[in-house]
Amino acid sequence: MTLAEAVVAGAEPAELERLEVPATYRAAYLSKDEVGTFEQDAADKDVRRTLHVGEVPMPEPAEDEVLIAVLASAINFNTVWSAMFEPIPTFAFLERFGRTDPRHDLPTHVLGSDAAGVVVRTGRAVRRWRVGDRVVTSPAYVDGEDPVVQHDGMLAADLRAWGFETNFGGLADFALVKATQLLAKPRHLTWEEAACNMLCASTAYRMLVGERGARMKQGDVVLLWGATGGLGGYGVQLVLGGGGIPVGVVSSPEKAALLRRMGCAHVIDRTQFDDLTGEKAWRRLGAEVRRLVGEDPAIVFEHTGKETFGASVYVAARGGSVVTCGSSSGYAHAYDNRHLWMKLKRIIGSHGANYQECHEVNRLISLGLLHPTLSAVYPLDRVAEAARAVQLNRHVGKVGVLALAPAEGLGVEDHDLRARVGEDRLRMFRSG
Ligand code: NAP
């Protein structure tokens with residue numbers, strides 16, 4: 001029996017420790033020699049051309065690292081950026097990292113910033129995790145010896161997004177993580193439901209709830225762009241759970257209906273605006289928010305970038321905040337600064353989430369208070385199609401990927417909690 005087979009069969013820790021770690025493993029990767037793929041033909045940087053699945057060399061865990069067998073993973077937008085080689089090829093990150101840790105600087109980049117699986121090897125310095133533990137991963141890869149990590153891991157000078165700025169990510173049968181990335185798998189979820197949450201849910205949590213984010217209060221009106229997307233699907237839940245009033249922006253009647261099923265009563269279809277980059281459209285959007293909720297948003301949840309940022313700054317309430325973690329439509333934003341300073345608004349940059357924030361989010365998920373937004377599941381061999389769906393915005397919520405898990409629906413341990421939460425809630429995004 002191979003180590004992977006033993007994991008799938010639910011073997012005891014002693015058996016997992018006895019079985020040999022293979023020299024290579026199946027993974028979704030980019031090839032360094034394909035970095036120029038889109039140079040001649042930039043019209044459609046189709047990620048299916050650059051995202052491959054095949055065997056790659058197995059890394060050796062360092063003292064503070066853990067090797068996990070991955071049962072399931074998920075697509076994040078950073079995999080789309082990586083596979084387009086935008087804004088820069090991620091091999092540049094690996095080369096830089098390779099100066100301190102040569103293991104990462106390889107001609108293949110194994111992607112993926114989310115995973116759920118089973119610990120199969122631990123480095124000598126790892127204390128809190130053991131072979132056989134069922135885990136999910138948090139995406140911030142930081143050096144625990146940096147003093148600032150005690151304050152906020154996201155301020156660490158060497159902070160890296162795992163599986164984006166490091167090698168050996170989660171879209172694979174095995175993955176290498178720091179022990180300080182691990183969290184206990186929520187027991188009521190399947191492998192694919194457990195794997196899809198952490199990057200987006202924790203990022204949304206820090207943006208909205210975290211001490212360094214917008215610090216949402218009860219009753220705050222929160223405008224969320226992409227409200228049924230990867231980040232937005234968790235953002236809406238966090239606003240509702242924290243007593244806020246979400247106003248969700250989406251781009252289709254189907255997404256609007258999904259938002260209403262989630263309990264978001266105020267919905268704006270952005271397709272009614274031809275172009276959101278001019279003040280006329282900003283005024284219309286602001287008027288629409290006031291018509292729906294009677295006041296301006298205390299918080300605008302931003303990640304959409306160039307095409308929306310001017311509107312976000314405009315519609316935020318006097319003294320309100322625009323909290324941003326990304327720029328899907330372009331990162332050189334233009335906005336009218338008069339609207340910012342005259343009304344004492346704030347722009348807050350946010351990135352990922354520290355280990356404690358990830359722990360807090362995982363607790364909410366584990367208690368059945370925050371739910372997966374999984375909408376579709378692909379086998380690892382079809383990961384390029386999964387990433388293509390996200391690239392083309394054909395998805396809602398999260399798109400899952402099965403690695404070693406032989407089928408969907410496996411991995412649930414707490415059936416009582418699952419029944420209390422309810423299949424309707426857990427599968428809400430599955431029906432579109
Ligand atoms: P996603 O699943 O693709 O969702 C994004 C949503 O944004 C879509 O559902 C779409 O909704 C909306 N959207 C796309 N283009 C838009 C546009 N031009 N104008 C208005 N809305 C638009 O992606 P995600 O996982 O939520 O990530 C979103 C962005 O945040 C990405 O750029 C990602 O790299 C970044 N991000 C950053 C961090 C971090 O830690 N810094 C973490 C996670 C994600 P509708 O079409 O329904 O409007």
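Mentor: Let's take the second largest pocket: β7 (140-141) and α12 (355-366) each supply at least two residues of its lining. Keep in mind as we go that this is a predicted model. Of the elements that build the lining, α12 gives the most, with five residues. How big is the volume of the second largest pocket? It comes to about 1000 Å³. Of the 41 residues lining that pocket, Val142, Gly144, Val149, Thr180 and Tyr355 are the closest to its centre.

The shell around the ligand counts seven nonpolar, 14 polar and three charged residues. Among the 24 residues around the ligand, those that come nearest are Ser251, Arg270, Glu307, Gly352 and His395. Which elements bring at least two residues each to this shell? They are α3 (77-84), α6 (198-208) and α7 (230-241). Of the shell around the ligand, α6 supplies the largest share, three residues.

Zoom in on a few atoms and you'll find side chains reaching towards the ligand's oxygens. Arg270, one of the nearest residues, has a polar side-chain atom 2.6 Å from an oxygen atom of the ligand. For Ser328, a side-chain N or O atom is 2.8 Å from a ligand oxygen. Trp81 places a polar side-chain atom 3.0 Å from an oxygen atom of the ligand. On its own the ligand has 910 Å² of accessible area, and the protein covers 90% of that.

Phe85 lies in the loop between α3 and α4, and Phe85 has a positive phi of about 60 degrees, although it is not a glycine. Pro87 sits in the loop between α3 and α4 (91-98) as well. A cis peptide bond joins Glu86 and Pro87, with omega at about -15 degrees.

One last stop: the aromatic rings. The structure holds seven aromatic pairs. One of them is formed by Tyr25 and Phe174, an edge-to-face pair with 6.2 Å centre to centre and 90 degrees between the planes. Tyr25 belongs to strand β1 (residues 24-31) and Phe174 to strand β9 (residues 174-178), so this pair ties together parts that are 149 residues apart in sequence.

Definitions and conventions: Residues numbered from 1 in each chain as written. Predicted model: local features only at pLDDT ≥ 70, side-chain atom pairs only at ≥ 80, totals over all residues. Heavy atoms only, no water. Near = heavy atom within 4 Å. Polar contact = N/O pair within 3.5 Å; in protein donor to acceptor, adjacent residues only side chain to side chain. Areas by Shrake-Rupley, 256 points an atom, 1.4 Å probe, with all protein chains shown as cover. Helix = DSSP H or I, 4+ residues; strand = E, 2+ residues; numbered from the N terminus. Nonpolar A, V, L, I, M, F, W, Y, C, P; charged D, E, K, R; others polar. 1 Å grid on protein atoms, 1.4 Å probe; cavity = no way out; pocket = protein on both sides within 12 Å on 5 of 7 lines; lining within 4 Å. Points joined across faces, edges and corners; volume = space filled by probe spheres on them. Phe/Tyr/Trp six-rings, centres within 6.5 Å; stacked < 30°, edge-to-face > 60°.
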